[in-house]
Amino acid sequence: MPHTLLITGPGGSGRTTVAAATALAAARQGRRVLLLSGDVGDPAGALTGETAGEAEEVAPGLRATTAAHGLRVARVDSGEEFREELVALQERGSTLLGMLGARPLGAEELTELPGAEQFALLRALRRAATAPRTDLVVVDLPPLHQALATLALPAQLRRYLARLLPAERQAARALRPVLAQLAGVPMPAQWLYEAAARWDEELAAVQAVVEADTTEVRLVAEPGPAAADAVRLGRLGFALQQLPVAAVVANRTLPQGSADPWLAGLAAEQEKCAAQWAGELPVIRLPHLGRAPRGPQDLALLADGATDTDADTGATDGLVPPPPAPRPAWAVEDRLAEDGVLVWVVPLPGAHKRELDLIRRGDELLLTAGPYRRIVPLPAALRRCTVSGAALAEDALRIRFTPDPGLWPRTR
């Protein structure tokens, strides 16, 4: 699986420009790069100098054109994806639709519904991860909150499918004709369960890409008070999804030491915000060009002007990302001998106590952090325990579990 770099940020932060500049900078260094974007109007293609030549299939179902330095640019067409998927679904369910007297919709009369962009982007992400002769996939994600919701979809939908259409119910399909006669109504058709299994398989493939050690996130923001709040919440949301934020790109930074008091004050405000970010994770500063970037020449200027705050650690090398580090798991600390508890450590950088909530439900834990929520399965050892408390300290939520005497293995 190639290195996958997901780039997002608050609206208006210049994330598409940064994604294009990152992809082009890596291509200039000889990497085989695929830039994936779903923005309407294809601004990424215009920025990278995408040629008007024929698109080639870089992976099954994913086509791309070539830009400067051999960079391949793939654009997600959510409308076409929606039409193809719905037409195929109607064909598979034609028998049931006929029983209901429904009239199938033609492809030409279908217009995409809200949410189609998210599913199309996830399918494209899965296909890009299987593209041969690819070292780096740079994904221009939607704005921050929408990006988090999109990346959380595969795990959420798989959980819904498992609850609403459990696989074990398919074993009773031989009884459906008898049950239909007794009930007097048709039972759910086999195609429904087959469709659920197919959806689960595709969602699992997307989830594997999102959760892979080769996938990481960069946040793009223009330094300032509003951006500081957005970046804090974004890091919190990605931490809840166990997605590492590799760096923050401080975009459109102004030069220091201007003679103009207004520019000097704005530059000082930017520097203060960027310095706060640098105290927590690597920060890459990109200069303000004094104009909106247009074409690969301006992208090259951005990449050449990038400065790395955390250069001493080797965490970043300008815009071109280094190989990703292994993703740390949420650790379970064994404190049975000292305190009689197990402690589940959930890293939540930037979290505030008032923003947190947790509910135990069966073998799952419902975690809320700010505006984000995630339902996570408990590790096997913790399922035999009860939640006895939690505390937030040093950017980590430490949840205490006390063994249940009725479920915990006894020792002699």
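Biologist: Which loop does Glu394 lie in, and between which strands?

Modeller: Glu394 sits in the loop that runs from strand S16 (385-393) to strand S17 (396-403). A word on the basis: this is a predicted model, where local features need pLDDT of at least 70, side-chain atom pairs count only at pLDDT 80 or more, and totals for chains, interfaces and linings use all residues. Numbering starts from 1 along each chain as its sequence is written, and side-chain values use heavy atoms, leaving out hydrogens and water. Strands (E, at least two residues) and helices (H or I, at least four) are DSSP runs, numbered from the N terminus.

Start with the backbone. Glu394 has a phi near 55 degrees, which is positive although the residue is not glycine. Asp395 also lies in the loop between S16 and S17. Its phi is positive too, at about 60 degrees, and Asp395 is not a glycine.

Next, accessibility. Buried means under 20% relative accessible area, exposed means over 50%, and partly exposed is in between, using a 1.4 Å probe and protein chains only. Glu394 is exposed, at 79%. Asp395, at 42%, counts as partly exposed.

Now step back to the whole protein. It has 12 helices and 17 strands. Of its 412 residues, 44% are buried.

Another loop, between S10 and S11, holds Pro321. Pro321 is buried, with 1% relative accessibility. Leu5 is 316 residues away along the chain, yet the C-alpha atoms of Pro321 and Leu5 are separated by 8.1 Å. Leaving aside residues up to four places away in sequence, Pro321 touches His3, Leu5, Thr22, Arg31, Leu136, Glu216 and Arg218.

Trp330 belongs to the loop between strand S10 (307-308) and strand S11 (332-335) as well. Here the aromatic rings matter. Rings of Phe, Tyr and Trp (its six-membered ring) pair if their centres lie within 6.5 Å; planes under 30 degrees apart count as stacked, over 60 as edge-to-face and the rest as tilted. By that rule there is one aromatic pair. Trp330 and Trp344 have ring centres 5.7 Å apart and planes at 70 degrees, so the pair is edge-to-face. Trp344 is in strand S12 (residues 341-347), so the pair ties together parts 14 residues apart in sequence. Trp330 is buried at 11%. Trp344 is buried at 4%.

A nonpolar core is a set of buried Ala, Val, Leu, Ile, Met, Phe, Trp, Tyr and Cys residues joined through side-chain atoms within 4.5 Å. The largest core has 63 residues, and those touching the most other members are Leu36, Leu62, Phe238, Trp277, Trp344, Leu348 and Leu367. A second, separate core has 31 residues, including Leu5, Val33, Ile284 and Leu299.

Leu299 takes us to helix H11 (residues 295-304), whose buried residues are Gly295, Asp298, Leu299, Ala300, Leu302 and Ala303. Their cover includes helix H1 (15-28), helix H2 (43-48) and strand S9 (283-287). Ala300 is buried at 18%. Its C-alpha atom is 6.9 Å from that of Ala25, 275 residues apart along the chain. The C-alpha atoms of Pro296 and Ala21 are 7.9 Å apart. Beyond residues up to four places away in sequence, Pro296 touches Leu24, Leu47, Thr48, Gly49 and Ala68.

On a 1 Å grid over the protein atoms alone, a cavity is a set of points where a 1.4 Å probe fits but cannot get out; lining residues have an atom within 4 Å of a point. Grid points are joined across faces, edges and corners, and a volume is the space filled by probe spheres set on the points. The structure has one cavity of 30 Å³ or more. The largest cavity has a volume of about 100 Å³. Its lining is Leu151, Ala152, Pro154, Ala155, Gln207, Val210, Glu211, Gln241, Leu243 and Arg374. Helix H6 (144-164) and helix H8 (190-210) each supply at least two lining residues. H6 gives the most, with four.

Terms used:
On a 1 Å grid over the protein atoms alone, a cavity is a set of points where a 1.4 Å probe fits but cannot get out, and a pocket is an open set with protein on both sides within 12 Å along at least five of seven lines; lining residues have an atom within 4 Å of a point. Contact means heavy atoms within 4.5 Å.
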